[in-house]
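Subject: Structure handover

Hello,

My notes on what turned up follow below it.

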Amino acid sequence: MSPKTVEKPEYGNWVSKKFIYMPGTIGIVCLGLTFLSAWWAIPAVIFLVIAAYFLYARTLFSPQGGDIQNRIRALVLEHLDWDGNGQVLDIGCGNAALTIALAHKYPRAAVTGIDYWGGNWEYSQAVCEKNAQLEKVGERATFRKVSASKLPFDNESFDAVASNLTFHEVSDSADKRDLVREALRVVKKGGKFAFQDLFLMKPVYGEAQELLETIRSWGIEKVEFIETRQADFIPDALKLPFMVGTLGLIVGKK
Ligand SMILES: C[S@@+](CC[C@H](N)C(=O)[O-])C[C@H]1O[C@@H](n2cnc3c(N)ncnc32)[C@H](O)[C@@H]1O
């Protein structure tokens, strides 16, 4: 097979193309309507700026534009202080980028990725399985379609549990703190965890310090909070609250 035809894994981009096409199309339509009234120039500019911002963000997230998405995801791996012996779960695995990174970092571990594929995302179980094969970790990787709100695993089944940017997406759980608790339920006593989500978004999680206190009250031995935006590689343009600005990591030991 020539190098040109070698298949590569697909991990997708957190900024979906529709965030560019939708405001872009509306902006162009408004621009056309300026023939009727110059006032249409106002919404035209607003929608075109929104489209341009998301195009820029998508580029920054992509491997060609700084690989910020991968580097943010890698913070979960970096802060999961685990020895790699046993089983690790990735909750909301998407196209398995983190699941596969876990398998590479921990060559003795069995990795499981769960997700409720469908809906807003261009991810699927089939792509996860294909990516794991292409990345040569398929024999140690298992993927299942289940919701993060009700994990089909016994208490304390995993030596480590990770999750990246998933809990806020889970629609069948009104209180997203319940998802943190559900994730911790399946961690073994003494096991490690690292979750990254919009933990600084107060309407979703409340005050971060109160969330940590709540987690401690569940009998978790060690838990700490790290602000994602403190990472030196994140451009200011991505630090808006609806992008990376409200991201944080909750990491520790059960
Ligand atoms: C922003 S993506 C993150 C994907 C992946 N963790 C990553 O780092 O690329 C959010 C993920 O949450 C998943 N998701 C949404 N609702 C879910 C649910 N109820 N249970 C599990 N995963 C869910 C989506 O399918 C999607 O893969």
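Strand 7 covers residues 248-253, and five of its six residues are buried, so the rest of the structure largely encloses it. Bear in mind that this is a predicted model. Strand 7 has two antiparallel partners. One is strand 5 (residues 187-197), paired with strand 7 over six bridges. In that pairing, A194 sits opposite V251. The other is strand 6 (residues 222-227), which runs antiparallel to strand 7 and is joined to it by six bridges. There, V223 faces G252 of strand 7.

Strand 4 is next. Its residues are 158-164. Strand 4 pairs on two sides of the list, and both pairings are parallel. Strand 1 (87-91) is joined to strand 4 by four bridges. D90 stands opposite A162 in that pair. Strand 5 is joined to strand 4 by six bridges. A160 lies opposite K192 there.

Helix 4 spans residues 97-105. Seven of its nine residues are buried. They are A97, L98, T99, I100, A101, L102 and A103. What do these buried residues pack against? Their partners are helix 3, strand 1, strand 2 (110-115), helix 5 (125-134), strand 3 (141-145) and strand 4.H104 also belongs to helix 4. Is H104 buried or exposed? H104 is exposed, with 12 other C-beta atoms within 10 Å. H104 and D232 are 128 residues apart in sequence, and their C-alpha atoms are 25 Å apart in space.

Now the core. The largest nonpolar core holds 63 residues. V88, L102, V161, A162, A183 and F193 touch the most other members. Domain 1 (18-64) and domain 2 (68-253) both contribute residues to this core, so the core lies between them. Leaving out residues up to four places away in sequence, L102 touches L77, V88, D90, A109, V111 and A162.

On the domains themselves, the division is into domain 1 (18-64) and domain 2 (68-253). Their C-alpha centres lie 33 Å apart. Five residues of domain 1 are in contact with seven residues of domain 2. What classes of residue make up the side of domain 1 that touches domain 2? That side has five nonpolar residues, no polar ones and no charged ones.

D67 has a positive phi of about 60 degrees, although D67 is not a glycine. D67 lies in the loop between helix 2 (41-61) and helix 3 (68-79). With 15 other C-beta atoms within 10 Å, D67 is partly exposed.

L165 also has a positive phi, near 55 degrees, and is a residue other than glycine. L165 lies in the loop between strand 4 and helix 6 (177-185). L165 counts as buried, because 20 C-beta neighbours fall inside 10 Å.

Then the ligand. The shell around the ligand has 21 residues. Which of them come nearest? G92, G94, Y116, A148 and N164 do. By class, the shell divides into 11 nonpolar, six polar and four charged residues.

Last, Y123. Y123 is found in the loop between strand 2 and helix 5. Y123 counts as buried, because 21 C-beta neighbours lie inside 10 Å. Setting aside neighbours within four places in sequence, Y123 is in contact with G12, G94, N95, D115 and W117. Among these contacts is G94, which is also one of the residues that come nearest to the ligand. Y123 and S37 are 86 residues apart in sequence and 42 Å apart in space, C-alpha to C-alpha.

Best wishes

Conventions
Residues numbered from 1 in each chain as written. Predicted model: local features only at pLDDT ≥ 70, side-chain atom pairs only at ≥ 80, totals over all residues. Core = buried A, V, L, I, M, F, W, Y, C linked by C-beta atoms within 7 Å. Domains from an automatic or database assignment. Contact = placed C-beta atoms within 7 Å. Nonpolar A, V, L, I, M, F, W, Y, C, P; charged D, E, K, R; others polar. Near = placed C-beta within 6 Å. Pairing = 2+ DSSP bridges.
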